[in-house]
Amino acid sequence: MSLKKESLSDVQLHLAALNGDISLLRKILDSGKVHVDSRDKDGTTPLILAAANGHYECVKELIEQGADPKSKRITGTTPLFFAAQGGFLDIVQYLLDKGAPVDSLSVDGGSPLFVACQCGHIDVVKELINRGAQVNTHMKDKASPLFIAAQNGHYKILVFLLAQGAEIDSRRTDGATPLWIAAQMGHDHIVAQLLRAGSKVDAARHDGATPLFKASHKGHSAVVGELLKYKPSLDVLPNGETALHAAAFSGSLPVCKQLIAAGANPCQKNQENHTPAEIALMHRYNGVADYLRNCENRGHTKK
């Protein structure tokens with residue numbers, strides 16, 4: 001993509017598109033001194049600016065005067081990408097009607113559907129999929145639209161994507177699933193929905209951390225409660241720790257109590273030969289350490 005130095009008219013056209021100044025936009029275009037798809041140093045066209053800022057009339061005028069709906073910035077992002085990101089349904093529909101590619105990817109693999117899911121625009125998500133967007137497209141790191149919806153806590157979008165055939169346990173390159181990321185972020189309503197839909201409760205990231213381990217480490221009590229309904233592993237994981245060790249490390253007494261009630265072993269040692277109580281004490285969570293020691297003693301008494 002060759003980018004020439006911008007003229008004053010180019011700059012004015014870009015500003016008119018950015019600000020939604022339709023009368024100035026028409027005046028500049030009618031002057032014949034500027035190309036409708038003039039680009040700045042990033043490859044941004046007036047159409048991209050108008051679409052990104054929700055200026056429908058400017059988008060329409062630019063297209064009618066020959067602007068390319070397939071134009072891309074250096075990053076590979078299109079007018080449709082930015083309209084979807086902004087949640088501008090009318091512009092999304094218009095651009096698609098004018099031939100904008102529904103699944104055009106940016107250099108990092110981002111698609112209009114991905115950013116609509118990321119930003120929580122359910123109406124745009126539905127429109128894109130109805131127009132043929134691939135529900136299981138993904139970023140270069142393999143994060144899918146379902147993954148990003150789970151990460152951001154967008155429940156309605158998540159449910160819709162699942163109904164459209166989204167792969168429930170698709171993995172990012174580090175092995176994280178939508179359930180894993182929802183557990184990390186503390187989205188208990190998302191975790192509950194994914195589990196009901198059949199997500200694997202112990203699907204671990206490549207480092208061995210399960211959704212329960214991560215939720216315990218973060219102190220997300222409500223998420224832990226949802227995960228425990230599906231009998232996740234309470235034993236030592238491939239990372240050499242248990243969920244109880246994770247809860248002790250972060251000093252979460254409520255999560256420690258939940259895990260103990262579910263059958264976690266307070267005497268279990270991690271790969272470094274430490275019990276959860278010892279981990280809590282190392283990090284100066286004295287109340288948690290006392291509780292876990294009492295649990296250890298109760299366990300010995302029962303024996």
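**Notebook: loops, enclosed helices and helix pairs**

I began with Lys-142, which is found in the loop between α8 and α9 (145-152). Helices in these entries are DSSP runs of H or I with at least four residues, numbered from the N terminus (strands would be runs of E with at least two).

I note the basis of the entries here: the model is predicted, local features need pLDDT of at least 70, side-chain atom pairs count only at pLDDT 80 or more, and totals for chains, interfaces and linings use all residues. Residues are numbered from 1 along each chain as its sequence is written, and side-chain values use heavy atoms, with hydrogens and water left out.

**Entry 1. Loop residues**

I looked up the backbone of Lys-142 and found a positive phi of about 75 degrees, although the residue is not a glycine. Most residues other than glycine have a negative phi. With a relative accessible area of 39%, Lys-142 is partly exposed. I use buried for under 20% relative accessible area, exposed for over 50% and partly exposed for values in between, with a 1.4 Å probe and protein chains only.

I then turned to the loop between α16 and α17 (276-282), where Asn-273 lies. Phi of Asn-273 is also positive, near 70 degrees, and this residue is other than glycine. Gln-271 lies in the loop between α16 and α17 as well. I recorded Gln-271 as exposed, at a relative accessible area of 57%. Its contacts (heavy atoms within 4.5 Å) are with Asn-239, Gly-240 and Glu-241, leaving aside residues up to four places away in sequence. I also checked a spacing: Gln-271 and Ala-261 are 10 residues apart along the chain, and 23 Å separates their C-alpha atoms.

How many residues of helix α5 are buried? I found 6 of the 8 (helix residues 79-86), so α5 is largely enclosed by the rest of the structure. The buried residues are Pro-79, Leu-80, Phe-81, Phe-82, Ala-83 and Ala-84. Their cover includes α3 (46-52), α6 (89-97), α7 (112-119) and α8 (122-130). Just after α5, Gly-87 has a positive phi of about 80 degrees.

Two packed helices are described by the angle between their axes and the distance between the axes. Axes are lines fitted to C-alpha atoms, for helices over the stretch in contact, and angles run from 0 to 180 degrees between N-to-C directions. For α5 and α6 I noted an angle of about 155 degrees, with the axes 8 Å apart. The pair is therefore roughly antiparallel; that term covers angles over 145 degrees, while under 35 is roughly parallel, 65 to 115 roughly perpendicular and the rest oblique.

The crossing of α5 and α6 is left-handed, meaning that the near helix is turned anticlockwise from the far one by less than a right angle (clockwise would be right-handed). Pro-79, Leu-80, Ala-83 and Ala-84 of α5 meet Ile-91, Val-92, Leu-95 and Leu-96 of α6. By class, this contact has 8 nonpolar, no polar and no charged residues. In this scheme Ala, Val, Leu, Ile, Met, Phe, Trp, Tyr, Cys and Pro are nonpolar, Asp, Glu, Lys and Arg are charged, and the others, Gly among them, are polar.

I looked next at α11 (residues 178-185) and α12 (residues 188-196), whose axes come within 8 Å and cross at roughly 155 degrees. That angle makes α11 roughly antiparallel to α12. The α11 side of the contact consists of Pro-178, Leu-179, Ala-182 and Ala-183, and the α12 side of Ile-190, Val-191, Leu-194 and Leu-195. The crossing of α11 with α12 is left-handed.

Helix α13 (residues 211-218) has 6 of its 8 residues buried, so the rest of the structure largely encloses it. Pro-211, Leu-212, Phe-213, Lys-214, Ala-215 and Ser-216 are the residues concerned. They pack against α11, α14 (221-228), α15 (243-250) and α16 (253-261). Just after α13, Gly-219 takes a positive phi of about 75 degrees.

**Entry 2. Buried leucines**

Which residues have the most contacts inside the largest nonpolar core? I listed Leu-95, Leu-128, Leu-161, Leu-227, Leu-259 and Leu-292, in a core of 94 residues. Such a core is a set of buried Ala, Val, Leu, Ile, Met, Phe, Trp, Tyr and Cys residues joined through side-chain atoms within 4.5 Å. Beyond four places in sequence, the residues that Leu-259 touches include Leu-212, Ser-216 and Val-224.

Finally I looked up Leu-146, which is placed in helix α9. Leu-146 is buried, at a relative accessible area of 1%. Among the residues it touches, those up to four places away not counted, are Leu-158, Leu-161 and Pro-178.
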